[in-house]
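Here is a short report on one chain. Look at the sequence and the model first, then read on.

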Amino acid sequence: MSAEEPLIRVVRGVPTAEELAALVGAIIVRSRPATAPAPATTSAWARSGRPASSRGWRAAGLPR
């Protein structure tokens, strides 16, 4: 493919600039590989506020 050859060619109709932008956006989104979102990790700061015992939140206020 040469540098002067267009990547997309309109065969029929006269699309507006907005329609072409929507088409290019859809092609770009579809061409990206689908990746699974990274699992959310809990920070050490958030973990430090949680009760350490298995008795749950009720035991958090009791002396250790």
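## Val24 and its helix

Val24 sits in helix 1, which covers residues 17–31. Helices are DSSP runs of H or I with at least four residues, and strands are runs of E with at least two, numbered from the N terminus. The chain has 2 helices and 0 strands.

This is a predicted model: local features need pLDDT of at least 70, side-chain atom pairs count only at pLDDT 80 or more, and totals for chains, interfaces and linings use all residues. Residues are numbered from 1 along each chain as its sequence is written, and side-chain values use heavy atoms, without hydrogens and water.

Buried means under 20%, exposed over 50%, and partly exposed in between (1.4 Å probe, protein chains only). Of the 64 residues of the chain, 2% count as buried.

## A neighbour along the chain

Ile8 is 16 residues from Val24 along the chain. Their C-alpha atoms are separated by 8.8 Å.
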